[in-house]
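Here's a quick tour for anyone meeting this structure for the first time. Have the sequence and the 3D view at hand, and let's walk through it together.

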Amino acid sequence: MSSMHKRRHTLALNDGWACAYCGRALVCAHCEGKPETDINAATVDHKVARAQGGTDALDNLVLACGPCNRLKGAHAVPEGATQAHIRYARVWAKLTSLVSQGVRDPMSKMTPREKKILKKGVA
Ligand SMILES: [Zn+2]
Ligand SMILES: [Zn+2]
C-alpha cells in the first residue's frame, strides 16, 4: 500500500468513509477499482494547507470528495468575483473552520440558507 493509500484507510477508520465537508459517502477508488476522478473517490485533504505550514500528520488530514477538495483549494475569492462567489467563499470559510476545529458533523451547524449556497456551488 502506498502511504497516501494507507492514510486514506486510517482516516476512514476514524471518521468513516464520508467527505468531511459535504458528508458525501466515499469509497476507496483504489480498492473499488474506480478511477481516482470518480466523484465518490476519497481524497486526502490538508485542513491547514501545506503552503500555510500544515503538516502531513494525521490530525491535519481529513477525507474529502474530489469536488470539495478542489473547491477548497479554490475558495480564495478571485479578482472580479461575482456576488455568488463571494457568498460561497464566506460559507465555505465557515465550513472549513468548523472542520479544522474538529467539529464532528459540520453540516449540522450550517443554516438551511448556507447549505443551499454550498449545494449550488459556484457557477
Ligand atoms: Zn465533499
Ligand atoms: Zn483502499
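## The order of elements

Starting at the N terminus, the elements of the chain follow the order α-α-β-β-α-α-α. That gives five helices and two strands in the chain.

Keep in mind that this is a predicted model. The chain's average pLDDT is 84, and 89% of the residues score at least 70.

## The chain as a whole

How much of the chain is buried? Of its 123 residues, buried ones make up 20%.

Take the contacts between residues at least 6 apart in sequence: 50% of them join residues at least 24 apart.

## Where α4 meets α5

Now look towards the end of the chain. Two packed helices are described by the angle between their axes and the distance between those axes. For helix α4 (residues 83-100) and helix α5 (residues 112-120), the axes come within 9 Å and cross at roughly 110 degrees. Angles of 65 to 115 degrees count as roughly perpendicular, so α4 is roughly perpendicular to α5. The crossing of the two, α4 and α5, is left-handed.

Which residues make the contact? On the α4 side you'll find Arg 87, Tyr 88, Val 91 and Leu 95, and on the α5 side Glu 114, Ile 117 and Leu 118. Sorted by class, the contact of α4 with α5 has five nonpolar residues, two charged ones and no polar ones.

As for cover, α5 has hardly any: the count of buried residues among its nine residues is zero. Just after α5 comes Gly 121, which takes a positive phi of about 70 degrees.

## A stop at Val 103

Between α4 and α5 there's a loop, and Val 103 sits in it. Why does Val 103 count as partly exposed? Because it has 14 other C-beta atoms within 10 Å, while a buried residue needs 20 or more and an exposed one has 12 or fewer.

Leaving aside residues up to four places away in sequence, Val 103 touches Leu 98 and Lys 109. Then there's Ala 20: Val 103 and Ala 20 are 83 residues apart in sequence, yet their C-alpha atoms are 9.6 Å apart in space.

Key: Residues numbered from 1 in each chain as written. Chains lettered and ligands numbered in written order. Predicted model: local features only at pLDDT ≥ 70, side-chain atom pairs only at ≥ 80, totals over all residues. Axes fitted to C-alpha atoms, helices over the stretch in contact; angles between N-to-C directions. Helix = DSSP H or I, 4+ residues; strand = E, 2+ residues; numbered from the N terminus. Parallel < 35°, antiparallel > 145°, perpendicular 65-115°, else oblique. Left-handed = near helix turned anticlockwise from the far one by under 90°. Contact = placed C-beta atoms within 7 Å. Nonpolar A, V, L, I, M, F, W, Y, C, P; charged D, E, K, R; others polar. pLDDT = per-residue confidence, 0-100.
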